[in-house]
Amino acid sequence: MESPQLNNKANNTAKKHSQPPCRKPNCFFCTMNESELSLRRAKLSQCFKEMPLRDDHEHVLVLSGLWNISMFQPDDPEFPSLGIFECMAKLIYRGITDQDWLLRGQNIYIPYYAAHIIGSYTMNKSQFAEGAVISGVVLPLMELLRGKMSWVEQRVAVRALGHLVSHAKTFEAVAVHEMEIINFAMEIASNCHEVVYKEFVGIKDRKRPKYHCDLLTRGLGGLELQFRKAEEWASQLQCWSLYLLNFFACKERSLNLICKKEFLKNLCGMWGGLVNLTSPAGIGLLRTLCSSKTGRENVVNLKEVMESLCNVSRSSDDWQDMAIDCLLLLLKDPDTRYKVIDIAALSLVDLVELRSLGERKRVGETITQTLLQDYYKIKYGFLKLKSKKAERALEELWELKVENRRRDKLMSEQDMKEREMFIGKLKKQGNQKFWSGKIEKACKIYSKALDLCPLNIRKERIVLYSNRAQCYMLLKNPAAAISDTTRALCLSSAESPHSKSLWRRSQAYDMKGLAKESLMDCLMFIISRINLSTPSVSESHTTQQG
């Protein structure tokens, strides 16, 4: 299939050379204008063979056109069947080994375009990836990964290698360099933002490589756009490095290398996904590691990692579900369960009424079953946890999910109505105490109302939890506020989250110095307010304090 952009360039070039006619043998643009399909294919094949051997100032223009086609038509078999992979591999290799050629004209752009083209064509089609490996792309890509040029070329090399390992038939061809790839990918993921700042953003304008500026902005932007794109590319570089590592982790390869303590600690801060939604992000890689015995044994012993997973599990982070999965995988393994339950239980109990998370249903029920699977041992004194808080949290969960359900089933319709009216009165009393400055008394009244409130009166429970959370913040207890706001949010719908609870949890996270979690909740609060055209019933209850 042909690219309109490339045909326009070809037409313009043809017009330019129409007087006199183009005398270049195997000119790419003239070949693209060839109307006879079989003749065009033969000429294109010859063009790809000769391109790495010739010096031509139009090489960059040709690769720019091929880059554009590969981006928008990555599944088109024409160019991959005519030798484009071998051509790109040789161009990268020439750029690495022939410094004089690289610095001549605009040749310095060529290795970047060549690696990007390889990555685009190997993204979806396994047969294209096989052809690329046979054509020898792995070694030139490895040279770029090693940093033989700059972070800009490193980015597209990591991307291309990530696509090659994603196909079963080409994984082993890349895994020949397994240890080196793992070490470089870990180093890049950990340091890429610092490198981009040091080598681009933080240097003086005149020392900033011009070709970097041109590639970042396509020659159409000033300094502000350059910096914004550099930050975006740094995030992509991290994303693709994690993507590459994740495929090795999925196959339980080099886990002892990946599970280095400092790297696992750094993983929690690697957001990922904000620029590349296909990246597993740091939390996603942790989930993959927690799917293996070796990974779980390494993760469970790191307090910083566990605390981060607990925080993300109760946040508006895109990867909340992955953090929950990590904790559940650790809890389901008998060898790691009692190393993690003291900290994990305190967070997961707040999520037991979470009905759905994305496409996943009954998330709260899964959490409940995992936490209570051996609660009878604690209940009857056969087992003692290290943390009394964790034991109390599991006891409250048992009361909520077992005792209170049983209580509600035994209630008559009349009893239910009377209970609901009584809860409303308690809420008003709590509000009065709150506005008169008696915060502790208000907190106790809200707690009493929650204990008595039937489970199916979700809207009233949302308000009570949220109001009590506000009390906890004024009492300088952000941990309890995070717990209550999370429970309120689990009771509200994912489509219309309780916005006051989002705002209050954002403030509570800020009080604890957890900037990322605070920011995520703040952004979600803004989105919820924009989407809220009319107040929901639960919002109307909280015009003031509840």
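Me: Ala, Val, Leu, Ile, Met, Phe, Trp, Tyr, Cys and Pro count as nonpolar, Asp, Glu, Lys and Arg as charged, and the others, Gly among them, as polar; how do the residues lining the second largest cavity divide?

Reply: They divide into five nonpolar, no polar and three charged, and the lining consists of Val 349, Asp 350, Val 352, Glu 353, Leu 400, Tyr 465, Arg 487 and Cys 490. This is a predicted model, in which local features need pLDDT of at least 70 and side-chain atom pairs count only at pLDDT 80 or more, while totals for chains, interfaces and linings use all residues. Residues are numbered from 1 along each chain as its sequence is written, and side-chain values use heavy atoms, with hydrogens and water left out.

Me: What makes a space a cavity and not a pocket?

Reply: On a 1 Å grid over the protein atoms alone, a cavity is a set of points where a 1.4 Å probe fits but cannot get out, whereas a pocket is an open set with protein on both sides within 12 Å along at least five of seven lines; lining residues have an atom within 4 Å of a point.

Me: Which helix supplies the largest share of the lining of the largest pocket?

Reply: Helix 24 does, with eight residues; helices (H or I, at least four residues) are DSSP runs numbered from the N terminus. The largest pocket holds about 1,100 Å³ of space, and of its 35 lining residues, the closest to its centre are Leu 346, Asp 350, Glu 396, Ser 483 and Arg 487.

Me: Why is Ser 254 called buried, and why is Glu 252 called exposed?

Reply: Buried means under 20% relative accessible area, exposed over 50%, and partly exposed in between (1.4 Å probe, protein chains only). Ser 254 has 18% relative accessibility, so it counts as buried, whereas Glu 252, at 51%, is exposed. Glu 252 is found in the loop between helix 14 (223–250) and helix 15 (255–258), and Ser 254 has its place in the loop between helix 14 and helix 15. Phi is positive in Glu 252, near 55 degrees, and in Ser 254, about 55 degrees, although Ser 254 is not a glycine.

Me: Why is Leu 519 called partly exposed?

Reply: Its relative accessible area is 39%, and therefore Leu 519 is partly exposed. Leu 519 lies in helix 30 (residues 515–531).

Methods
Grid points are joined across faces, edges and corners, and a volume is the space filled by probe spheres set on the points. Helices (H or I, at least four residues) and strands (E, at least two) are DSSP runs, numbered from the N terminus. Ala, Val, Leu, Ile, Met, Phe, Trp, Tyr, Cys and Pro count as nonpolar, Asp, Glu, Lys and Arg as charged, and the others, Gly among them, as polar.
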